[in-house]
Amino acid sequence: MEDLKKRKLDEAGNAQFSSSEEQLRPLLEPLAKTQLVDLLAKFGSQYSSIAEEIRSVASSDPVHRKLFVRGLAWNTTSETLCAEFQVHGEIEEGAVIVDKATGTSRGYGFITYRDMESAQAALKAPSKLIDGRLAVCNLACEGLSSLSVPPDQAQRKLYIGGLSPETTTEMMLFFFGRHGEIEEGSVAYDKDSNKSRCFGFVTYKTVEAAKKAIDDPQKTLGERIIWKWRS
């Protein structure tokens with residue numbers, strides 16, 4: 001009986017049904033998001049036309065392609081910023097934000113990729129050492145929201161004092177990196193003179209690594225006695 005659906009036979013002689021968009025929508029609407037994602041991923045991996053449509057739709061909204069980059073050095077330019085991030089894909093737009101009155105960097109910037117896949121690739125390696133500072137990126141829609149701060153960040157972030165003026169961000173990160181993977185960290189520099197303010201911050205990816213750093217009896221870095229506590 002073919003009163004509701006049009007039946008056709010494939011090469012093997014099996015019955016197949018073709019359905020219109022109006023017929024499929026009521027079947028899809030009750031499904032959970034995870035079920036829909038699984039369906040699209042499954043058929044996208046099998047049919048290139050579906051995969052391209054998924055890429056096109058996913059990249060149509062810039063909110064999925066725009067990254068917020070914070071922790072930039074004061075001397076980092078838009079050209080340097082783009083050069084560091086273009087390894088992940090073609091950049092549509094990128095710039096360091098500067099103060100309109102003075103023309104000096106405000107310590108952050110934005111990168112907008114041409115496709116969502118490039119943005120996702122960049123987010124898999126969110127920390128980049130740029131001009132001696134460990135910059136961190138995340139989606140711009142999250143980076144500008146206070147709700148994006150993880151609840152345990154205060155337990156993972158350490159204040160490092162007593163640094164030598166010669167201690168660079170690279171030296172500090174190397175010293176504290178032995179306790180665990182670092183998510184973010186840099187020596188603080190004066191905005192005008194670009195000289196070290198002799199303190200810095202280190203944020204570990206885990207609370208356990210931060211505890212190890214605090215409990216470490218080693219207090220000397222660059223022939224200077226340093227101190228550390230949770231910021």
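**Chatting through the model**

Analyst: Let's start with Leu24, which lies in helix H1. Keep in mind that this is a predicted model.

User: Is Leu24 buried, partly exposed or exposed?
Analyst: Leu24 counts as partly exposed, because its relative accessibility is 38%, and the range for that runs between 20% and 50%.

User: Which residues make the nonpolar surface patch?
Analyst: Leu24 is in there, along with Leu27, Leu28, Leu39, Phe43 and Tyr47. Together they make a patch of about 540 Å².

User: And which helices supply at least two residues of the patch each?
Analyst: Helix H1 (21-28) and helix H2 (33-46). The largest share comes from H1, with 3 residues.

User: OK, going inside now. How many residues are in the largest nonpolar core?
Analyst: It has 18 residues, and Ile160, Phe176 and Tyr204 have the most contacts inside it. Strands S8 (157-161), S9 (182-189) and S10 (196-204) each supply at least two residues of this core, as do helices H8 (169-176) and H9 (207-215). H8 gives the most, with 4 residues.

User: Why would nonpolar side chains be buried together?
Analyst: In soluble globular proteins, that is what they tend to do.

User: What is Tyr204 in contact with, away from its sequence neighbours?
Analyst: Leaving aside residues within four places in sequence, the list includes Leu158, Phe176, Ile182 and Ala213. Arg156, His179 and Glu181 are also among the contacts of Tyr204.

User: What about the second core?
Analyst: That one is separate and has 16 residues, including Leu81, Phe85, Ala122 and Leu139.

User: Switching topic: where is Ser164 found?
Analyst: In the loop between S8 and H8. Ser164 counts as buried because its relative accessibility is 8%, and the cut-off is under 20%.

User: What does the side chain of Ser164 make a polar contact with?
Analyst: With the side chain of Glu166, at 2.7 Å. Leaving aside neighbours within four places in sequence, Ser164 is also in contact with Ser196, Cys198, Gly222 and Arg224.

User: Last one: where is the place of Val136?
Analyst: Val136 sits in strand S7 (residues 133-139). With a relative accessible area of 6%, Val136 is buried.

User: How far apart are Val136 and Phe68?
Analyst: They are 68 residues apart in sequence and 8.3 Å apart in space, C-alpha to C-alpha. Phe68 is one of the residues in contact with Val136, and others among them are Val69, Pro126 and Glu183.

Conventions:
Residues are numbered from 1 along each chain as its sequence is written. This is a predicted model: local features need pLDDT of at least 70, side-chain atom pairs count only at pLDDT 80 or more; totals for chains, interfaces and linings use all residues. Side-chain values use heavy atoms; hydrogens and water are left out. A nonpolar core is a set of buried Ala, Val, Leu, Ile, Met, Phe, Trp, Tyr and Cys residues joined through side-chain atoms within 4.5 Å. Buried means under 20% relative accessible area, exposed over 50%, partly exposed in between (1.4 Å probe, protein chains only). Contact means heavy atoms within 4.5 Å. A polar contact is a pair of N or O atoms within 3.5 Å; within protein, one must be able to donate a hydrogen and the other to accept it, and residues adjacent in sequence count only if both atoms are side-chain atoms. Patches are made of residues with over 30% relative accessible area and no salt bridge: like charges are joined within 9 Å, nonpolar side chains (Val, Leu, Ile, Met, Phe, Trp, Tyr) within 5 Å. Accessible areas come from the Shrake-Rupley method with a 1.4 Å probe; for residues, only the protein chains shown count as cover. A salt bridge is a side-chain nitrogen of Lys or Arg within 4 Å of a carboxyl oxygen of Asp or Glu.
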